[in-house]
Amino acid sequence: MRKFDRNITETIATTQINLSGFINEQADFGLPKFAKHPNLIINFSSVTLINSTGVMKWVGWIGQVVAGNPKLQIMFANVPKVIMDQVNLVKNFMPAGVRMKSFYLPFFCEGCNLQSGVTLENGKDFATKSDGQKPYILIPKLTCPQCGEAMAEDFVSSKYLKFLEA
Amino acid sequence: MTTDINVGELLFVMKIVDRFMKELTPFANSPLQPALSDVEVQWAGAVTPGKDLRKTIVVGEGTELRVVFEHLYNYKAQHFVQINRAGFVRDIIISALLINKPALFFSNPSAFFVNNFSGEPNYEKQTRKLSFSLKSTDEKAELLSILEKFILEDSRTKNYFPQIAVLVDELLSNAFFNAPIDAFGMHLFKNTDRRMTVKPSKACRIFCVHDNTRLVVGCEDFYGSLQSESLVALLNGHFSGGQTMARAVGPGAGLGCKMMIENSSGFYACVDPMQKTLVVCELPLNLSVRKIEEMAKNIHISTVRS
């Protein structure tokens, strides 16, 4: 079970925080101050789990980031299902003004008992109300890499895609 | 799965044996049969206000959690079973046993969920078990590593590791931080920073067991401090609608229990006051995560005397 880790990469106009492992009581997201660049991307691609203490810590931290950096453009990227569940269930997990850049859409092949999925990109595959657009999503058709049959969507749309209308 | 319950009935109170006579026929000669008598079944929505529901199993068909918790909170029901789910008779029997024979449940909870009710040959070969006693929060990381190996090494369970890991983590948080009390009933670690190491005087036990069709994970502590009515009130608030306010709550405020319920198809929280608390979550196997999420959930929150 991978421990929580955080590292930061920077480009000309963007700070990117890469989170990984288990977001729990030991998680330290760092100082909530980002004065150097106008954009902040929070990359969740390597996050594996989050518990209730991790949820509370995250909500507190991201709230401080939003409040303390009013001009910062914040985006969530490569959001896995374990985090998407919290985005949709917990108020202010993704505060108002924070945008979804990309997220994981899970699929399942019942015949092969195989999980798979795709990452959808904002502007190409979906848009949200908070993007200032009419929300939409283009859900792809996936075929099972083992048997070639169509894979079923492994999410409850009314719950998993709730953030589109937020 | 079909039922013959008349949804339009205003009053529906029957003895469990009468109502489910056909489904319970295979158990007619079982030594568990006497435990089923004297337990009533009541259709959700037809509950009589003020009626004592301690010996009643409230049943519904696909009832959403908001309504389930309204019944537990407003009518003090302790057991809610969804009878449109496959295998619901087993859940009815477990509920009846919890009502009438709680000592049996407390002494060997995993046997109630993973057992050979249907007399399958070589059933034992299907089952796997893991049990771990913990004395300190420092041992949690080791347990989660062992659990990860246990879950990922079997094709029946490997898809469910995230859910099971969260269940175990939340169960342990409750057992270490919320459960321990002193001789006067005062909580010792409820407001302790979750990053701190705690070593309660009484060890807790985590178990995980499964067969081909279901997996259960549970935790028992030997403080018996769970306040079942308070838990019901907390969860009723969480499930009454809308998103949960994480910022408004602190440690021990029910978000962990909510996450357990979200990640399982059945939730049992049973307390023998000042003796033992047992919390069990179950997951059906061989279903996609979506189908599990779509399943209406069974909820049991009860105070028993063993």
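Select Ser20(A) to begin: at 13% relative accessibility, Ser20(A) counts as buried, because buried means under 20% relative accessible area. Keep in mind that this is a predicted model.

**Stop 1: around Ser20(A)**

Colour residues 14–23 of chain A. This is strand E2, and Ser20(A) sits in it. Now show the surroundings of Ser20(A). Set aside the neighbours within four places in sequence. The contacts that remain are Arg2(A), Lys3(A), Phe4(A), Asp5(A), Ser46(A) and Val47(A).

**Stop 2: helix H9 of chain B**

Move to chain B and select residues 161–178. This is helix H9, with 18 residues. Take the distance from its first C-alpha to its last: H9 of chain B reaches 25 Å. That is close to the 26 Å expected at 1.5 Å a residue. Is H9(B) mostly covered or mostly uncovered? Mostly covered: 16 of the 18 residues in H9(B) are buried.

**Stop 3: two crossing helices**

Stay in chain B. Select residues 228–238 for helix H10 and residues 255–262 for helix H11. Two packed helices are described by the angle between their axes and the distance between the axes. Here the axes come within 10 Å and cross at roughly 70°. H10(B) and H11(B) are therefore roughly perpendicular to each other. The crossing of H10(B) past H11(B) is right-handed.

Finish with side chains on display. Which residues of H10(B) meet H11(B)? They are Leu231(B), Leu235(B) and His238(B). On the H11(B) side, look for Leu255(B), Cys257(B), Lys258(B) and Ile261(B). The residues of this contact between H10(B) and H11(B) comprise five nonpolar, one polar and one charged.

Definitions and conventions:
Residues are numbered from 1 along each chain as its sequence is written. Chains are lettered from A and ligands numbered from 1 in the order in which they are written. This is a predicted model: local features need pLDDT of at least 70, side-chain atom pairs count only at pLDDT 80 or more; totals for chains, interfaces and linings use all residues. Side-chain values use heavy atoms; hydrogens and water are left out. Helices (H or I, at least four residues) and strands (E, at least two) are DSSP runs, numbered from the N terminus. The expected span of a helix is 1.5 Å times one less than its number of residues. Buried means under 20% relative accessible area, exposed over 50%, partly exposed in between (1.4 Å probe, protein chains only). Axes are lines fitted to C-alpha atoms, for helices over the stretch in contact, and angles run from 0 to 180 degrees between N-to-C directions. Angles under 35 degrees count as roughly parallel, over 145 as roughly antiparallel, 65 to 115 as roughly perpendicular and the rest as oblique. A crossing is left-handed if the near helix is turned anticlockwise from the far one by less than a right angle, and right-handed if clockwise. Contact means heavy atoms within 4.5 Å. Ala, Val, Leu, Ile, Met, Phe, Trp, Tyr, Cys and Pro count as nonpolar, Asp, Glu, Lys and Arg as charged, and the others, Gly among them, as polar.
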